[in-house]
Amino acid sequence: MISQQNTSNKVIQELQNQIGEKIITSFDMVAQDRSNYFAKNPYQHQRPSIESSNSIVNGYAKCNGGISVAANLVPGLLGMLAVAPEIITVMRNQIAMIYDVGVAYDKQQYLNKELLAGVLISSLGTGLITPGINAVANRVIIAQGSKIIARKVSTPIFQDMARWIAGKYAQQILKSSVSKYLPVVGSTAMGLWSAYSTKQVGNKSIQIFEKEIEILDETQSLSESSIEYTDNLLSTSDVEVNIFT
C-alpha cells in the first residue's frame, strides 16, 4: 500500500514537471494565436456570439474527449507519463475555449493571461467548498459584486500558479484513470474525463464572462470586505459532482 502510494506520488510529480513548463507559456501563446485568428476574421458574422457559446464549449469538449481516447494509453501507473503531450494539448484547447467564449461575450480586450488562468483555475473545484482552489484563483481573479476583476501579477507568481495548475491536472488524471490497468477502458475513462472537465471549464467561462470585467494592476489593491470567492459565481443548483473522484 505504501509502495503504491509512493509510486503514485512520483507519477504525479513527474507529470507536474512535464506539464508545468509547457503550461507557463501556453496562456500567452494561445491568446496570441486566437487573437491573430480573430484579427484575420474581423467581420461580426464570422465571430462567435453569445448564442453560440454553448456550441463552442460542446465542440471543444468533443475534441478533447477524442484526443484523450485516441492517445492509446499505456496500462499501469507509470504508463500515465506517456500522456503528457495529450494533457498539454487538452489544456491548451481549454485555454483557447476560454478565449473564444470571452470573444463571444465581447470581452476580447480583457483576455490577458491572468484572466485566462483565473478562469481555468476557478473551474477546477469539485464541490461547493474548495478553499485551496479559491486561494490560488483569487490571486488573479476576484468577484466583486456584479464585476469580475483580473489582477496582473509578477512573472514568478504566475509561474507558481502555472505549476499549481499542472499539479492539479496530474492529480485529477490519476483519479480519473480508475481502469488504468485496462488500456481500452482506461482510454475511454480519460476521454470521458477530458470531455467532462472541458465542459466544466466552459460553463465557468460563460458564468464569468456574463459579468463586467475590469483589469487591475498588480500595484493596486482591493478592500478585503469586497472580495468574494470565485466559487460563489456558481449557485448550488449549478454545481455538479465530479463523477471521477
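This is a predicted model: local features need pLDDT of at least 70, side-chain atom pairs count only at pLDDT 80 or more; totals for chains, interfaces and linings use all residues.

Residues are numbered from 1 along each chain as its sequence is written, and side-chain values use heavy atoms, with hydrogens and water left out.

Start with helix α3, residues 84-104. Helices are DSSP runs of H or I with at least four residues, strands are runs of E with at least two, and both are numbered from the N terminus. Of the 21 residues of α3, 17 are buried, so the rest of the structure largely encloses this helix. Buried means under 20% relative accessible area, exposed over 50%, and partly exposed in between, with a 1.4 Å probe and protein chains only. Just after α3, D106 has a positive phi of about 60°.

Now the salt bridges: the structure holds 3. The term means a side-chain nitrogen of Lys or Arg within 4 Å of a carboxyl oxygen of Asp or Glu.

D100 pairs with R34, with the closest N and O atoms 2.9 Å apart. D100 is in α3 and R34 in helix α1, 66 residues apart. D100 is buried at 6%, and R34 is buried at 14%.

Next, E214 and K147 form a salt bridge at 2.9 Å, N to O. E214 is in strand β3 and K147 in strand β2, so the pair ties together parts 67 residues apart in sequence.

Last, D160 and R163 meet at 3.7 Å, N to O. Both lie in helix α6, 3 residues apart, about one turn of the helix.

Note on methods: The expected span of a helix is 1.5 Å times one less than its number of residues.
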